[in-house]
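Good morning, colleagues. I would like to take a few minutes to present one protein model, beginning with the whole chain and then turning to selected parts.

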Amino acid sequence: MKFNIGLLLICLLAVMVGASCTSSRKVTYLQYDSNLGEADFYTQSRDNVIRYQPDDVLGIVVNVVGQPAVAYDFNLPLQPAATTDNSSDYVDQGVGRQTYMVNKEGQIDFPVLGAVKVSGLTQAELERYLKMALRAYLKVEPVVTVRMMNFRITILGEVQRPGQYSVSKDHVSVLEALALAGDMTIYGKRDDVRLIREMPNGEVKIVSMDISKAQIVSSPYFYLHQNDQLYVVPNSAKAKSADIGSQTSLWFSIASVAFTVFNIVVSLTR
């Protein structure tokens, strides 16, 4: 049979396009069926509100508009923001309010009020509670600001910059967390991102999330909590390369492509 170069090129092009589509599906986030119209998913943000727990560090400031001295007794004293290990060397990085550490009983020792139970409360709930409690001591409505000072997450596995990250807000999504770590590498499994979370009762929960699907935004685990850990699982290509080395993996890939082309040529020339 006469060898048809044009048909061979068409077959090779079809194989390359098919492989490209498959690769794209593996690395794309938030996929949905465009034939069904606009993707419409709702986040369950109310289920993901941060609730304080033991070992959290809180910054709490009480103010009275126009009368700052009135709130003096309800604030911890100012302290240097940073010092070195050597007490004789002072690093001037400004001053700030001292912070409250939530103890194992879920309480903080608040000026004048004494022990205040904060474990299980949200930021809004704690601010509302303190305002009500301070009304017995102040003639005017105080302004109470509560901030979490130690919101940290750990990101490991197939990301550009694994490590522990401090977050300046208490509402961060899985995608935002991955962005902090420089995004996933090409070897990360988009359909198997592990979330490790310690529950208030001490139990540890491990959840697998598929961030290649748009439905992830409706997951109760889409927004992270303090001290959450993310582990991006390596795909099979990375696992194989760890066993046989990158150079050997390259030769296997070349051999596989060559064998495929050889089979196509033989089939067309018979």
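First, the conventions. The model is predicted, so to speak of local features a pLDDT of at least 70 is needed, side-chain atom pairs count only at pLDDT 80 or more, and totals for chains, interfaces and linings use all residues. Residues are numbered from 1 along each chain as its sequence is written, and side-chain values use heavy atoms, with hydrogens and water left out.

The protein chain contains 5 helices and 14 strands; these are DSSP runs numbered from the N terminus, helices being H or I of at least four residues and strands E of at least two. Of its 270 residues, 29% are buried, where buried means under 20% relative accessible area with a 1.4 Å probe, counting protein chains only. The accessible surface of the chain is about 17000 Å², and carbon and sulfur atoms account for 56% of it; the areas come from the Shrake-Rupley method with a 1.4 Å probe. A contact means heavy atoms within 4.5 Å. Among contacts between residues at least 6 apart in sequence, 62% join residues at least 24 apart.

Now to the sheet. Strand β1, residues 57-63, is mostly covered, with 5 of its 7 residues buried. Two strands are said to pair if DSSP finds at least two bridges between them. With strand β7, residues 143-148, β1 pairs in the antiparallel sense over 6 bridges. Among them, V61 is partnered with T145, and G59 with R147.

What is the order of the strands in this open sheet? It is β4-β1-β7, 3 strands with antiparallel pairing. Because β4 and β7 stand at the edges, each with a single partner strand, one side of each has no neighbour in the sheet.

Finally, the arginine. R190 is placed in strand β11, residues 188-198. A polar atom of the R190 side chain does lie 2.9 Å from the backbone oxygen of G188.

Conventions: Buried means under 20% relative accessible area, exposed over 50%, partly exposed in between (1.4 Å probe, protein chains only). A polar contact is a pair of N or O atoms within 3.5 Å; within protein, one must be able to donate a hydrogen and the other to accept it, and residues adjacent in sequence count only if both atoms are side-chain atoms.
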